[in-house]
Amino acid sequence: LYFIKTLDKSSLMYAVITGLVMAVLSQYEIRIAYIVSWIIIFYLLYDIAINRVSIVRKSAIIIVVLSILGLSNIYWILPTFAGGQSAASGIFYSGLFGESYYSLRQAIVNFHPFWTGDKPSASMVQPIPMRFFLVPILAFIPLVFKRTDKRIFFFAVLVLLGIFLTKQSAQPFAGAYRWLYLHFPGFNAFREPSKFYLIINLSYSVLAGHGVNMLNSWINVRFKTKYIGEIFVFVVVVILLWNAYALISHRMPLTKSKTIPKEYIEFKNHLLSQSTFYRTMGVPRVYRYSFFNTTHPAFNASLVTTKLWDKPDFPVYDMINLFQYPHLNWLFDIAGIKYIYLPYDIEKEMFDYVDDRGEMIRGYGKDRDKIENVLDNLKWLSNKKQFGNIITYENRDFLPHIYTTSSIAVVK
């Protein structure tokens, strides 16, 4: 919206400010900046098409905005593309996800399929609450009564584009998203369509805002009093803020303050007391409170099963069989892994546990006791320690970055 003001003023200063805002946005989420860049390009072309004035100056403005955006990201763009597909694989080649979850109806009402009201569900499509239909209805009003407004028309087209992309592989044109993912530059960074809700939210904020204002004006004229219109606006605002209740009441997990368990503080201090380079490995993965730095990097045991040995058929979280893999100790030695540890699963998201109702909840780390028993029986692991509920094992034969060997080492 600030870019619209920038074009209206044809101001270079506004263009620089817009570019700086975009640069800051890109450091947080480059995919959002990518979407916003296309929106302002579309608006520029639309503005030039309907007004046909100051074309050169307006084109110069968008060049300034996109140049600032590009220069602020040059530090990762050049090495990423210079490294080829392997360097960009983590960003652009993740594979599509969610084609069976998103639908046209969810896109129209701006509802994420996993939203439960206070936190996302684990890949379980949720029913759409009726209050989510209010915004599309309000947004439809200016399309009927102010359809000649040029900006209303632009945001009407924009919301249709947002809905089309957010529905992903749902009908109509079910194959369009996959085609864009495979062929349109930069689109393969969007393995699922949730980022395109931004387009819908931006468009609805303009269209629904106009709709509320038009209804408020009509009510004031119809009933010859402003109070009924103000009550209507208040009711609309309350309904729209309903989703914010989970945020205000701290029901959302991300809004709850948490204290790092003392076990992780003690383990961190133990690692920091040693200046030698080595790695640590969390089993089945590094926990959210685990410490690591450049001297003591950490990685997931589950990563070993799929990346280091390139065995796609190996169960990702099968920790029992992982530690029975032949020559595992040699692989850990040359990888510089000194400590292997079982995390304290305080959030109950790794291992199996019994909930308050006595039901067994299965975690992807499976049975912690069985994994501990396997680690106990590995002869190349020693010096078992406990930092509270964290269990650590030491691999005394880990190797530094540079080492010599008295035997022949073969690398394939």
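User: How close do the axes of α8 and helix α12 (residues 226-240) come, and at what angle do they cross?

Analyst: Keep in mind that this is a predicted model. In it, the axes of α8 and α12 come within 11 Å and cross at roughly 135°.

User: Why are α8 and α12 called oblique to each other?

Analyst: Roughly antiparallel needs an angle over 145, and roughly perpendicular runs from 65 to 115. The crossing of α8 and α12 is roughly 135°, so the pair counts as oblique.

User: Which residues make that contact?

Analyst: On the α8 side you have L134, V135 and L138, and they meet F232, V236, I239 and L240 of α12. By class, that gives seven nonpolar residues, with no polar and no charged ones.

User: What makes α8 and α11 roughly perpendicular?

Analyst: The label covers 65 to 115 degrees. Helix α8 (residues 134-145) and helix α11 (residues 197-223) have axes that cross at roughly 75° and come within 7 Å, so they are roughly perpendicular. Among the residues in contact are V135, L138 and F145 of α8, along with Y204, H210 and G211 of α11. This contact has 14 nonpolar, two polar and no charged residues.

User: What makes W38, F42, L45, L161 and F184 a patch?

Analyst: A nonpolar patch takes residues with over 30% relative accessible area and no salt bridge, whose nonpolar side chains are joined within 5 Å. These five form such a patch on the surface, with about 410 Å² of accessible area together.

User: Which helix gives the most to the nonpolar patch?

Analyst: That's helix α3 (residues 30-51), with three residues. L45 is found in α3.

Key. Residues numbered from 1 in each chain as written. Predicted model: local features only at pLDDT ≥ 70, side-chain atom pairs only at ≥ 80, totals over all residues. Heavy atoms only, no water. Axes fitted to C-alpha atoms, helices over the stretch in contact; angles between N-to-C directions. Helix = DSSP H or I, 4+ residues; strand = E, 2+ residues; numbered from the N terminus. Parallel < 35°, antiparallel > 145°, perpendicular 65-115°, else oblique. Contact = heavy atoms within 4.5 Å. Nonpolar A, V, L, I, M, F, W, Y, C, P; charged D, E, K, R; others polar. Patch = residues over 30% accessible without salt bridge, like charges linked within 9 Å, V, L, I, M, F, W, Y side chains within 5 Å. Areas by Shrake-Rupley, 256 points an atom, 1.4 Å probe, with all protein chains shown as cover. Salt bridge = Lys/Arg side-chain N within 4 Å of Asp/Glu carboxyl O.
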